[in-house]
Amino acid sequence: MEAHKDMEAHRDTLLSEEPLLENSIERRSEKIIDIKGVKHHTTDSWRACTYILVTECFEELAYYGIQFNLVTFLKTVLHENNVTAARNYSNWQGTCYIAPLVGAIIADSYLGRYLTTVVFFTVYLVGMAAMSISASFPTCAGPDCLQDGSFKSFVFFLGLYMMAIGAGGIKPCVSSFGADQFDDSIPAERLKKDSFFNWFFFAIYIGSFVSGTAVVWVQDHCGWVVGLGIPTLFIAFAIASFMLGSSSYRFQKPLGSPIVRVFQVLVAATRKWAIRVPRDDSLLHEAPEMVDVHKLQHTPELRFLDKAAVISSDDEIADPWRLCTVTQVEELKVVVGMLPIWATGIVYFSVLAQFSSTFLEQGRTMNKQVGAFAIPPASLASFDAVSVIFWVPVYDRVLVPAARRLTGRERGLSELQRFGAGLLLSVLVMAAAALVEMRRLALARGEGLSSMSILWQVPQYFLVGASVVFACVGQTEFFYNEAPPSMRSLCSALALLTVALGSYLSSLVVTAVAWLTTGGGEAGWIPDDLNEGHLDRFFWLLAAMSALNLAVFVCCARRYSRKNVY
């Protein structure tokens, strides 16, 4: 009897901590199935996620095994010049971050995240195999070659873009699929899900670090057949790891095309532009109680869209292009509400892009000799991965419990607080780089050479890693947790899109600075010889951009209203 009372008290406590109706918990269970299509109420979430984390580590090892040395391969093996190699690299990178939109739409609309991941992994593996095989072909120099190079180039680029489509297609699915393994209706499961995102990025950067050290070394010293064969082998390992966990996974059924649902709301609201929205929200159209639907509560923002849920005649109830549900309208409101937060990510990634561009240029002008060793500037980029590997356990095991005690919140910091902390760290990153550059210029111009050790770049790379742990993980959590269930893959893809747009913005800023600072015969801020320029001013400009971006983010975060599920 006492045990029964304790169970009832514990149940009441959980329901009070999480203001969900009992039937909403049942609805979530109804839409969760196992691989055989049977309802799946419980799961050993961490066991399932272990397979996903191993899969992600192997996949990123393969991905970065191509990315880190792609320009080198294009120049030394395919004999491309600097401009062509840089253009091909940029085009490939852009494809990698555009493809997530395709993968996300397929996952949310038709196949679900599991099958979409399997399909794009298959494309990924075929592409990697094609690149590996092309490395064994002799370079063609005769009249029978293709006009743009050789059959070797054709096979390599075919494989490269298949790999880009495959890698991009799985990016929005794997992290979301991992988070799907946790039941949000149980507080303990929510905490596990928060921790999962931390270790997901830990797995990414373990793969990045191994590729940036061991795989790149093999490619440089053992040849490209072996150097490209290793990433191909690890993609096969990634697929095997993912498939081995199939019996442990929970699967969420796709809920239909999110793009179609969005356009249905816009079309229905536009058709009823002259209709007044009733003050009583209960008069708006909502679907009846259904086991497969997460319902969203009505909110007063963007009242024009509410017109889509106003019933003007009985014959429109069966036409989704004339009448939408409140939940469908609120899904669009949620996405629109997230866009200002999303936009601040573009500026953030434009700043973060410097660690693989201007930071390397800065390093090349510094004293690279440390004892008997000469440190290549690109090697310091791996310190970014080391920093992430260091900060993830510190955040998960030290900072979160401390923040939980200070704030009284179960997760310590909210997703937006975490993202904001990462934006603040990005300001410190550029300030540290600017201070180092000011000192380097003073030494170079005073002594005729730069005697400043390249190790002075370590703090800025260390701050980059810390910023990633706060901003990137916080952004991923935010877009998963706040996205409507029918749009989780799509919103994850939108978050990834900020990486590509940030790179384009960085290129635009660099071009604008070069044009504005080279007038009147001046060398400009970023000349070929950095000792004649002012790279420090460019870094201070980016620090100011980051600070302004942080201020905009704080304003947007304060105005943001979280979605309400019932």
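**Exercise 1: The cavities**

A cavity is, on a 1 Å grid over the protein atoms alone, a set of points where a 1.4 Å probe fits but cannot get out, and its lining residues have an atom within 4 Å of a point. Grid points are joined across faces, edges and corners, and the volume is the space filled by probe spheres set on the points. The model is predicted: local features need pLDDT of at least 70, side-chain atom pairs count only at pLDDT 80 or more, and totals for chains, interfaces and linings use all residues. Residues are numbered from 1 along each chain as its sequence is written, and side-chain values use heavy atoms, with hydrogens and water left out.

Task: State which residues line the largest cavity, and which helix gives the most to that lining.

Solution. 
1. The largest cavity holds about 80 Å³ of space.
2. Its lining consists of A107, D108, G112, R113, Q252, K253, P254, L255, P485 and S486.
3. Helix α5 (residues 82-134) gives the most, namely four residues. Helices (H or I, at least four residues) are DSSP runs, numbered from the N terminus.
4. By class, the lining comprises four nonpolar, three polar and three charged residues. Here Ala, Val, Leu, Ile, Met, Phe, Trp, Tyr, Cys and Pro count as nonpolar, Asp, Glu, Lys and Arg as charged, and the others, Gly among them, as polar.

**Exercise 2: The second cavity**

Task: Determine how the lining of the second largest cavity divides into nonpolar, polar and charged residues.

Solution. 
1. The volume of the second largest cavity is about 40 Å³.
2. Around this cavity lie G65, I66, N69, L70, F73, F156, W224 and L228 as lining residues.
3. At least two lining residues come from each of α3 (45-67), α4 (70-76) and α8 (224-244).
4. The division is six nonpolar, two polar and no charged residues.

**Exercise 3: A residue with positive phi**

Task: Locate L302 and decide whether L302 is buried, partly exposed or exposed.

Solution. 
1. L302 belongs to the loop between α9 (258-271) and α10 (303-306).
2. Most residues other than glycine have a negative phi. The phi of L302, however, is positive, near 50°.
3. L302 counts as partly exposed because its relative accessibility is 41%; buried means under 20%, exposed over 50%, and partly exposed in between (1.4 Å probe, protein chains only).
4. For the protein as a whole, 52% of the 566 residues count as buried.

Terms used:
1 Å grid on protein atoms, 1.4 Å probe; cavity = no way out; pocket = protein on both sides within 12 Å on 5 of 7 lines; lining within 4 Å.
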